[in-house]
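Hi,

Here is the structure I promised to pass on. Have a look at it first, and my notes follow below.

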Amino acid sequence: MIHRFLTAGAVALMAGTAMAQSDGEMVTTFTLSNGMDVVVVEDHRAPVVQQMVWYRIGSADEPVGQSGVAHFLEHLLFKATDNMESGEFSATVAANGGQDNAFTSFDYTAYFQRVAADRLELMMQMESDRMVNIRLTEDDIATEREVILEERNQRTDSSPQALFREQMHAAQYLNHRYGVPIIGWRHEMETLDMEDALSFYETYYAPNNAILVVSGDVDPAEVKQLAETHYGGIPANPDLPDRLRTSEPPQTTARRLVMQDERIAQPYVQRSYLAPERDAGDQETAAALYLLSELLGGGTTSYLANALQFDQQVAVYTGVFYNGLSLDDTTFSFLVVPSEGVTLEEAEAALDATYARFLEDGVDAEQLERIKLQLRASEIYARDNVDGIANRYGRALTSGLTIEDVQAWPDVLQAVTPEQIIAVAKEVLHPGASVTGYLMKETPAEEITQ
Amino acid sequence: MKALKLITAALTAWVLAGPAMAEVEIQEVTSPGGITAWLVEEPSIPFTALELRFRGGTSLDAADKRGAIYLMSGLLEEGSGEMGAQDYARALEGLAASFSYDASKDTLSISARFLSENRDEAMALLHQTLHAPRFDQDALDRVRAQVLSGLRSDEKDPNDIAGKAFNAMAFGDHPYGSSGKGTIDSVGALTRQDMFEAHEAVFARDRLYVGAVGDITPEELGALLDGLLLDLPETGAAIPGPAVVTISGGNSVIDFPTPQSVAIFAQAGIDRDDPDFFAAYIMNQILGGGSFESRLMTEVREKRGLTYGIGSYLVPRDLAAVYMGSVASANGKIAEAVEVIRAEWQRMADEGVTAQELQDAKTYLTGAYPLRFDGNGQIASILAGMQMQALPIDYIATRNDKVNAVTLEEVNAFAAKFMAPEDLHFTIVGRPEGIEATSN
């Protein structure tokens with residue numbers, strides 16, 4: 001066990017702020033006076049640090065008609081500021097032997113650098129600069145819009161599987177912005193302009209909407225001092241809007257999609273259900289859903305693999321996916337890739353029958369215990385990847401959870417009972433909340449002549 | 001922002017002189033039975049990462065058995081000893097250990113991770129995996145169906161199509177000229193006996209390299225290795241000779257219905273043990289290495305918005321070396337991207353790099369080096385890789401000196417000699433507009 005203790009003297013210096021510390025994960029947290037949350041995860045094995053700044057803003061917060069602007073803005077933050085030339089940010093990171101990048105999701109936008117530990121201050125100086133000082137040109141807008149359109153080409157339009165996922169998602173959400181792709185719909189991306197980007201930036205990029213996560217070979221007291229110096233002087237945005245989002249109405253009707261694409265060599269069927277996410281102080285339902293997904297789809301010993309791949313041999317692959325880290329309702333989904341000669345209808349019927357039998361059989365206590373054992377071990381292995389722990393905090397804190405929720409999660413998982421798992425399965429996975437999709441090769445009659 | 005730059009320069013000087021790498025202390029361990037391993041003791045977390053590498057990889061497939069070694073590696077977790085596939089998986093889950101397998105052109109690797117509290121049981125299971133595979137017919141058929149499903153998908157993947165076409169052109173009948181996963185026909189014909197033969201071909205002590213990092217002492221590691229590996233056969237299948245690399249200038253175009261063309265571009269490469277390797281490494285960093293600062297990234301993405309991603313890579317494999325890159329660009333734009341890349345190839349050959357570019361690349365490469373020693377599994381993998389490349393055990397401490405020792409004259413003399421714009425070949429998959437295929 002690695003224990004990190006601050007000396008009493010160091011704590012006393014930080015008059016006025018409480019520094020909470022979790023010994024199990026080498027984690028220290030505090031909040032700056034302007035409302036910026038800070039998480040420090042220590043690992044002193046190598047002289048390396050990672051700085052991440054997470055904004056509580058993602059594609060699901062975008063104005064109507066401007067899909068993709070959160071991600072577009074993420075790209076534009078590598079252009080000029082009042083103090084740096086376009087491209088100078090990454091050039092400076094590289095000139096210091098570091099690596100940097102950024103990513104955008106439904107609920108967050110995050111920027112990070114990995115670099116030698118003694119360069120942390122320079123990284124903070126630059127990251128705090130671009131929180132408030134970007135200066136864009138029309139040329140930046142025009143060129144970078146081409147780049148994000150090529151990114152959409154590469155990630156989505158070149159992949160029928162990605163296009164299918166996009167359609168499944170759009171069908172799942174009747175009223176919530178999660179139905180719109182993070183990268184944006186192409187026709188809206190093409191119209192994104194300077195005003196869209198700047199309006200989004202000025203509204204949401206502020207210290208009281210950001211979380212600084214520093215991981216690696218650092219001293220929390222020193223991080224606090226540096227953070228006060230570089231981020232602490234940026235005023236909070238008093239007009240920061242609440243994250244008001246539309247919510248889903250009761251979903252009452254099963255939806256079905258068929259997508260045909262001549263690039264598909266291996267057809268498959270996917271089924272997703274609208275499902276609750278992890279909520280602050282209330283993670284039990286999500287924990288039961290996570291264990292349900294592991295029991296049904298967690299590898300060779302899972303219920304679906306056993307039935308569909310081993311016994312009936314109707315599938316070459318089965319998978320079950322649930323990610324509870326989400327600000328609003330998430331999905332619980334199944335994937336079945338049928339064996340050769342098995343139709344998608346047959347694969348779907350086998351999935352339904354198998355799941356019904358699972359509910360009758362109940363949870364295999366030994367399997368549940370093995371899953372819980374692996375979860376306990378994963379907390380040991382996780383300590384080998386301090387950036388992974390940093391990520392966990394960043395995603396949780398931008399998804400409406402607290403530090404306490406993150407630290408309670410392993411115990412919440414361990415406490416789930418077989419009865420809770422079956423109860424939550426029956427409650428959540430009902431046909432009205434489902435989307436079933438077939439992705440298949442185009443049938444010859446429908447082939448388009450070139 | 002001048003002040004910023006001054007700070008940068010000062011910090012850089014300090015760190016280049018500093019002992020950034022002193023943390024990775026490698027010990028060479030020789031087991032009582034004579035097996036050599038490199039070890040970094042890291043007792044702070046109670047687990048060990050163990051990397052076993054067997055030289056040869058999928059290039060050891062028998063002539064008419066393409067895909068046998070790849071399939072065999074996928075079957076190692078499908079039962080051994082008295083355990084069928086699911087009993088085996090339950091046993092592994094019960095130990096919270098993980099063993100993963102990777103069969104590449106040059107190497108079959110086993111990456112194991114196991115807790116200190118049940119290390120002996122985990123190693124007993126790994127021993128059984130290595131020495132008593134079952135290759136049951138039902139498991140073979142099940143995993144074969146997964147491989148075939150993947151092969152069918154590869155046939156519709158523009159990147160796979162491009163890679164396959166390029167390899168066939170560049171390496172011909174050599175194993176490098178075809179996919180180690182095999183073909184739908186060759187995999188379809190593989191038998192249980194082929195799996196045992198593939199196993200015998202690969203697993204032998206004369207081609208074994210071991211890296212270990214974690215909560216384990218040299219004595220414990222020595223005993224572990226003897227128990228695990230001493231009863232492997234002394235030798236396996238003969239490793240094939242070098243491939244003849246055939247790349248000539250021009251374009252190949254493979255029609256595929258997609259809105260964005262993908263292109264692989266390549267010329268002959270340079271071996272890892274070539275005295276010019278560090279000059280090549282720095283030159284590539286400047287042309288198309290993995291940061292936002294490369295010339296290709298600047299010219300193709302930042303200035304013109306022709307792509308989301310472009311990069312170039314030195315690929316020095318055991319049996320052949322190529323210098324290649326890849327780009328993806330809308331069908332209507334790929335012709336311009338190709339033109340810009342060709343011009344950059346020519347510019348590098350004609351003008352080389354500037355003193356500033358050289359300095360920036362050195363600063364980046366030397367500063368980024370420590371970042372890769374990132375976790376026990378990653379370090380174990382690096383230790384095994386260093387041994388395969390016959391690098392000295394103190395290499396990590398001297399590597400940045402080697403980068404810094406390269407002069408501007410060396411890089412530019414190398415670029416003039418090595419860069420071959422007239423031989424740069426583009427393999428393009430998509431519906432590129434304004435690009436004609438050349439015969440080759």
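To start with a detail: which residue in β6(B) does B:Thr48 stand opposite? The residue is B:Gly214. Strands β3 (residues 47-55) and β6 (residues 208-214) of chain B run antiparallel and are joined by seven bridges; strands pair if DSSP finds at least two bridges between them.

Before the rest, some housekeeping. This is a predicted model, where local features need pLDDT of at least 70 and side-chain atom pairs count only at pLDDT 80 or more, while totals for chains, interfaces and linings use all residues. Residues are numbered from 1 along each chain as its sequence is written, and chains are lettered from A and ligands numbered from 1 in the order in which they are written.

The open sheet in chain B has six strands, in the order β1-β2-β6-β3-β5-β4, with mixed pairing. β1 (27-30) and β4 (98-103) of chain B are at its edges with a single partner strand each, so one side of each has no neighbour in the sheet.

In chain A, the axes of helices α5 (residues 138-157) and α6 (residues 160-172) lie 7 Å apart at an angle of about 90°. That makes α5(A) roughly perpendicular to α6(A) (65 to 115 degrees, between N-to-C directions of lines fitted to C-alpha atoms over the stretch in contact). A:Arg155, A:Thr156 and A:Asp157 of α5(A) make the contact with A:Ala162, A:Leu163 and A:Glu166 of α6(A) (C-beta atoms, placed from the backbone, within 7 Å).

Finally, the contact between the chains takes 58 residues from chain A and 59 residues from chain B. Elements giving two or more residues on the chain B side include α1 (2-17) and α13 (355-368). Helices here are DSSP runs (H or I) of at least four residues, and strands (E) of at least two, numbered from the N terminus.

Best wishes

Note on methods
Contact = placed C-beta atoms within 7 Å. Axes fitted to C-alpha atoms, helices over the stretch in contact; angles between N-to-C directions. Parallel < 35°, antiparallel > 145°, perpendicular 65-115°, else oblique.
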